[in-house]
Structure formats: C-alpha cells, structure tokens
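I opened this entry to look up cores and cavities. My notes follow the structure.

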Amino acid sequence: MTATNVFSTKSDVAYVELRRLILSGALPPGSRLSQYELAASLGMSITPLREAIRRLSSEHLVDLDTHRDARVARMSAVEARQLFEVRLSLDPSAAELAAARRTDDDIVAMRAAAARLLPVTREWGDDALTAHREFHRTLYLASHNDVLIRLLDDLWDKSDRYRRVGLELPPGDEPRTRDLREHHQLVALVIDGDAAGATRLMREHIERSLTASAIAALEKREAQPAPEHPAAG
C-alpha cells in the first residue's frame, strides 16, 4: 500500500491492507486473525478493523463463527474452479475487445509489460506473478470496457492465492517457455486487430495456465482420504 492511495475511512484502510495480506499469502489460509494485534499494527481501534473483516467475510475471504472468531478462509478446489470458469469466459472477451479498440498508447503499454515478463516459477516467485498480472491488465485496459476491467481485476485478485499453489508445483521448462511465447503472440494479434485469433489464443492460454495446474493439484489433494489417527490405548 502506497502513500498515494486515498481512503475515505479507517475501515477502508483496514480492508485494503487485510485483503492484500490474505491474497498475497502473508496471512495463510485457515490462520486466525488476531484482531487486537492487527488493529494495533494498523494504528486504529478495533471497530474499523471489524468492519473490514465483515466486508471480507462477504467476499468469502474470511470465515466468521458465532463467537466472532475470524479466520482466513481456506482454499478449495471448488472455488478455484469457479474462478477459473469465469476467467475462461471473460479473458477471451477482453482480448477480442482489445484487438478491436486498442490505441497507440495501449500498444506501447502492452509491449512494455511484455518486455518485463519473467518465467512464472518458484525461482522468480512474486516478481514473476506481478509482471504476469501487469501484462494481462494492459490487455484488459485496451478493451476500454470499465465494467469488464473491474470484474477481471477482482477475479485476478481472488485467483492469486491459487496461483501460489501452482508455484509450488514442478512445472518443467516447456510450459513456462510456452507461456512466455503466448504472451508475445497475444500482443501481436491484438496489435494486428485479429480479434478471432486473440480470442482463441487467450482461451487456450487460460486453459493451460498456472491456475489450471493448481486446480488439478487441489482436487487431487482433496480427494485423498484424511489420515487415520491411532486409537488411544
């Protein structure tokens, strides 16, 4: 969070910071939110923090129980797949619109973002994820559809926790090389105004994405039976 951000209330400040900590993995899934400690670290009373927690609960990022205990929501393959399915619908639409509406400024921004891309692997970690997001956002902005951009921003935020699961997987070189190549191909198709080609490639790109790998890993993990505890004797 930077000093240039302007918030109307302390609750907004708490909301943005807690959301960032949850989505970045700094507050791990299932971890208890120590509300008084968090309020003290943010330099505010407990009331605006609780308002922020209720807001995050409505987004299914925080779980609240009857005793007002708050925990970071656990990740699930079901949520991951639902987020993925919506992105699979919206990202190709953004690419199609970008190919039809991109401006000279959009082209400059997309090329610059593509030049900053890094392989999305454990070695590059958050730097790679940040560059990856910045690239996709330049394409979203080129759609010049504010509603679509807001929806995709929110989807990207909520998918970040699952991308980090994907980072833990052994990807091999070929998928990451292909991923980088596809980004540059997307830029070329959008610049050429090839809406059909950009739409098709974006859909294939999402289908082979890090989130897709994370979903497969989560589904496999959740399908495994819980370990049996030996009987007390």
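Below I record the cores, then the cavities.

I am working with a predicted model, where local features need pLDDT of at least 70, side-chain atom pairs count only at pLDDT 80 or more, and totals for chains, interfaces and linings use all residues. Residues are numbered from 1 along each chain as its sequence is written, and side-chain values use heavy atoms, with hydrogens and water left out.

**Cores**

I looked up nonpolar cores, meaning sets of buried Ala, Val, Leu, Ile, Met, Phe, Trp, Tyr and Cys residues joined through side-chain atoms within 4.5 Å. Buried is under 20% relative accessible area (1.4 Å probe, protein chains only). The largest core has 37 residues, and Met110, Leu139, Tyr140 and Leu152 have the most contacts inside it. Among the helices giving two or more residues to this core are H4 (77-101), H5 (104-115) and H6 (125-141). Helices are DSSP runs (H or I, at least four residues), numbered from the N terminus. H4 supplies the largest share of this core, nine residues.

I then checked Leu152. Beyond its neighbours within four places in sequence, Leu152 is in contact (heavy atoms within 4.5 Å) with Leu90, Asp91, Ala94 and Tyr140. A second, separate core has 20 residues, including Leu21, Leu27, Ile53 and Val62.

**Cavities**

I searched a 1 Å grid over the protein atoms alone for cavities, sets of points where a 1.4 Å probe fits but cannot get out; lining residues have an atom within 4 Å of a point. Two cavities reach 30 Å³ or more.

Technical notes: Buried means under 20% relative accessible area, exposed over 50%, partly exposed in between (1.4 Å probe, protein chains only). On a 1 Å grid over the protein atoms alone, a cavity is a set of points where a 1.4 Å probe fits but cannot get out, and a pocket is an open set with protein on both sides within 12 Å along at least five of seven lines; lining residues have an atom within 4 Å of a point. Grid points are joined across faces, edges and corners, and a volume is the space filled by probe spheres set on the points.
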